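Student: I'd like to learn how to read a structure like this one feature by feature. Can we walk through it together?

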Amino acid sequence: MYPQNYYFTKDHEWVAVDGDKATVGISDFAQKQLGDVVYVELPEIGKHLDVHQTVGTIESVKAVSEVFSPVSGEVIETNAALNNAPETINQDPHGKAWIIKLKMKNPGDLKALMKAADYEKFLEGLAH
Amino acid sequence: MKLTRFNAQHRKLGAKMIEFCGWDMPVEYKGLIEEHLACRHAAGLFDVSHMGEIHVTGKDALAFVQHISPNDAARLSPGQVQYTGLLTSKGTYVDDMLVYCVHPEFYLLVVNAANTDKDFAYVVSQKGAYAVHLDNASDRYSQLALQGRQAIPILQPLTDVKLAPMHSFTFAFGKVAGKECIVSRTGYTGEDGFEIYTLDQDPGILWDAIMEKGTPLGLQPVGLGARDTLRLESKLPLYGNDIDDTTTPLECDFAWIVKFKKGDFLGRDVLVRQKEQGLTRKLVGFELRDKGIARPHYPVFVDGKPAGQVASGTYSPLFKKSIGLVYLPIAKTVLGTEFEIGIRDKKVKAAVVPTPFYKRNY
């Protein structure tokens, strides 16, 4: 159920790579944990992010969750549609609810991330 | 962890379960917002078996209840309920509670799950020379709440109790789905509805029968998540957030539960003094005027200076904005007064608004 070509972090972010462009979102597991999302705080375009630096926050009725950048790079696009339809994060977390696009500074950052099969194993481990 | 007698039903529905005050409880089923709106537009079914029940029986039952509660229990006929508090000798809250008059020598106290053991110990410590028997019956009771405009159409076919003629804050003994119950026209959502108590040790059919009757009418099971957003929209207090052992009923805007004329009760002299001197602070409702969600304990700033914390705060699924309750200095409790709430690294504008935020229109 997790897209085979995506990379995943232990904090439940995903990255989809296209050349030096990285698209970032949160996983289906993460949106289920949060519950109904009502607000998303997006970063400024042009912001430089290090690995694990806060991208922004996602708020559900009962929780606030920080989104951490899986890779380093410069924010080149943010998904403004999420401001009016934050519930997209619950409905389509791996597709329409992408959060930011980055121009990657160091593609080597991807080496530290999990592929879909490893992320699914990681989730199974969490259940125990 | 303790299990309610409806635990299997929650798990069968795939509820997200959490530990709450030592109980394995459903926090949400289909989703908080959907459950909240179902209760507002049709009906919601809540497992509230974790609440505490204390039996006060004996010759001095009324006199004892009058001693521990600021409200006037002498006004209650059998079959009537009143909302009140359990107060310290300083007039502050040990808990809020409901007092049910079963008959003049039997009162049922219903208290919060978080405080049941504390409340029972407190009540026992106040026994003194009163000729009463005190029994913590909490573990024997199960309780469901059916709340919403469809409550009567859903429940009436299942019970011999005549529901429509019941006034708010009254109760009756009867059968629901064949089980002996107390059916009380009370609730914690601001909707019409009923709370159903039973001592039957196998009450699962109550949940199943209500869900079967109610689902075609829009009934949804509702978890603790939406229970909190519903009660906050209706400005019903939560112990620990809005009331505790540092706040009095006068300060939290529940002066009506204090019946000074009825005679002496725990904390009376302190409350008399507070009333004479005037309040220095009061619990008021607010809404956020900018994007964000104000949550309990977030810092509050009045005229730029720190002024306490948010008591209760959430996102209102009905009004699609952040609402909450806060204690402000008396001069700042005027409607429309603006102040600020610290949300992470920002100060967000808030304003004092009238409460309840939601009032039902039927």
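**Reading the model**

Tutor: Let's start with overall size, keeping in mind that this is a predicted model. A compact globule of 362 residues would have a radius of gyration near 21 Å, and chain B comes out at 21 Å, so the two agree. Along the principal axes, the C-alpha atoms of chain B fill a box of roughly 60 × 50 × 40 Å.

Student: How many helices and strands are there in chain B?

Tutor: Chain B holds eight helices and 20 strands.

Student: And what share of the residues in chain B is buried?

Tutor: Here a residue is buried if 20 or more other C-beta atoms lie within 10 Å of its own. By that count, buried residues are 47% of the 362 in chain B. You can look at contacts too: of those in chain B between residues at least 6 apart in sequence, 67% link residues at least 24 apart.

Student: Now sheets. How do strands of a sheet pair?

Tutor: In general, they pair through backbone hydrogen bonds, and the pairing is either parallel or antiparallel. For a case here, go to chain A, where three strands make an open, antiparallel sheet in the order E4-E6-E7. Strand E4 (37-41) and strand E7 (64-68) of chain A are its edge strands, each pairing on one side only. Ignoring direction, neighbouring strands of this sheet are turned by 25° against each other on average.

Student: How many bridges join E6 to E7 in chain A?

Tutor: Five bridges connect strand E6 (residues 54-60) with E7(A), and the two run antiparallel. To see one of the pairs, find A:Glu59: its bridge partner in E7(A) is A:Val64.

Student: Last one: what about the place where the chains touch?

Tutor: The size of an interface is often given as the accessible area lost when the parts come together. Here we can count residues instead: seven from chain A and eleven from chain B are in the contact. The chain A side divides into three nonpolar, one polar and three charged residues.

Note on methods. Residues are numbered from 1 along each chain as its sequence is written. Chains are lettered from A and ligands numbered from 1 in the order in which they are written. This is a predicted model: local features need pLDDT of at least 70, side-chain atom pairs count only at pLDDT 80 or more; totals for chains, interfaces and linings use all residues. Helices (H or I, at least four residues) and strands (E, at least two) are DSSP runs, numbered from the N terminus. The radius of gyration is taken over C-alpha atoms; the globule rule is 2.2 Å times the number of residues to the power 0.38. A residue is buried if 20 or more other C-beta atoms lie within 10 Å of its own, exposed if 12 or fewer, and partly exposed in between; C-beta atoms are placed from the backbone. Two residues are in contact if their C-beta atoms, placed from the backbone, lie within 7 Å. Two strands pair if DSSP finds at least two bridges between them. Axes are lines fitted to C-alpha atoms, for helices over the stretch in contact, and angles run from 0 to 180 degrees between N-to-C directions. Ala, Val, Leu, Ile, Met, Phe, Trp, Tyr, Cys and Pro count as nonpolar, Asp, Glu, Lys and Arg as charged, and the others, Gly among them, as polar.
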